[in-house]
Amino acid sequence: MSEEDEWTPPEHLPWMDEALCAQTDPDMFFPEKGGSARSAKRVCASCDVREQCLDYALATGQTEGVWGGLTPRQRRATGQFIAQPNPRVDYAEVALWVERGFDDQEVAAKVGCAPETVMRWRHRHGIEPNSHGGRSSGRSWAA
Ligand code: SF4
């Protein structure tokens, strides 16, 4: 991947600090067409945040690169490309706290759900993260 088309995630979430790929070559996770994803998948297999990473990629419909150990084709095959609403979550309450300016972590704590649930709700409604919760950085998001 060249510097020009360097990929930037739309937001920074706490689990990204633990991303093992941040300590490796990010290009490995975006192989050229026909290239192998094997090396990236090997890194993902040892990553502590693999589950959150895959959940994020499915929830936000990431169409490029290896996320959570799965290629785009494998993610599409899960049939969960865009996660459905969780019936146990009071989304009216999520909306209320998001509108009041709280970040995903704070909203999740108030509503009693995971921050990723709040994130998915925002994505479904096209709402950007509230500023103090949404730092942005490259995929090499850890130092
Ligand atoms: S792509 Fe996801 S699962 Fe793989 S190393 Fe990076 S953060 Fe971990």
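A: By class, the shell around the ligand has 11 nonpolar, 2 polar and 1 charged residues. Here Ala, Val, Leu, Ile, Met, Phe, Trp, Tyr, Cys and Pro count as nonpolar, Asp, Glu, Lys and Arg as charged, and the others, Gly among them, as polar. Of the 14 residues around the ligand, Ala-19, Cys-21, Cys-44, Cys-47 and Cys-53 come nearest. A residue is near a molecule if its C-beta atom, placed from the backbone, lies within 6 Å of it. Helix H1 (38-45) and helix H2 (50-59) each supply at least two residues of this shell. Helices are DSSP runs (H or I, at least four residues), numbered from the N terminus.

This is a predicted model: local features need pLDDT of at least 70, side-chain atom pairs count only at pLDDT 80 or more, and totals for chains, interfaces and linings use all residues. Residues are numbered from 1 along each chain as its sequence is written.

H2 and H6 pack at an angle of about 15°, with their axes 10 Å apart. Axes are lines fitted to C-alpha atoms, for helices over the stretch in contact, and angles run from 0 to 180 degrees between N-to-C directions. H2 and H6 are therefore roughly parallel to each other. Angles under 35 degrees count as roughly parallel, over 145 as roughly antiparallel, 65 to 115 as roughly perpendicular and the rest as oblique. On the H2 side, Gln-52, Asp-55, Tyr-56 and Ala-59 meet Glu-116, Met-119, Arg-120 and His-123 of H6. The residues of this contact divide into 3 nonpolar, 2 polar and 3 charged. Contact means that the C-beta atoms of two residues, placed from the backbone, lie within 7 Å.

Another pair is H4 and H5. The axes of helix H4 (residues 91-99) and helix H5 (residues 104-111) come within 9 Å and cross at roughly 140°. That makes H4 oblique to H5. Glu-93, Val-94, Trp-97 and Val-98 in H4 meet Val-107, Lys-110 and Val-111 in H5. This contact has 5 nonpolar, no polar and 2 charged residues.

Last, confidence. The protein chain averages a pLDDT (the predictor's confidence in each residue, from 0 to 100) of 80. Confidence is highest in H1, at 97, and lowest in helix H6 (residues 115-125), at a mean of 80. Over residues 1-7, pLDDT stays under 50. Over residues 133-143, pLDDT also stays under 50. Where pLDDT is low, the predicted coordinates should not be read in detail.
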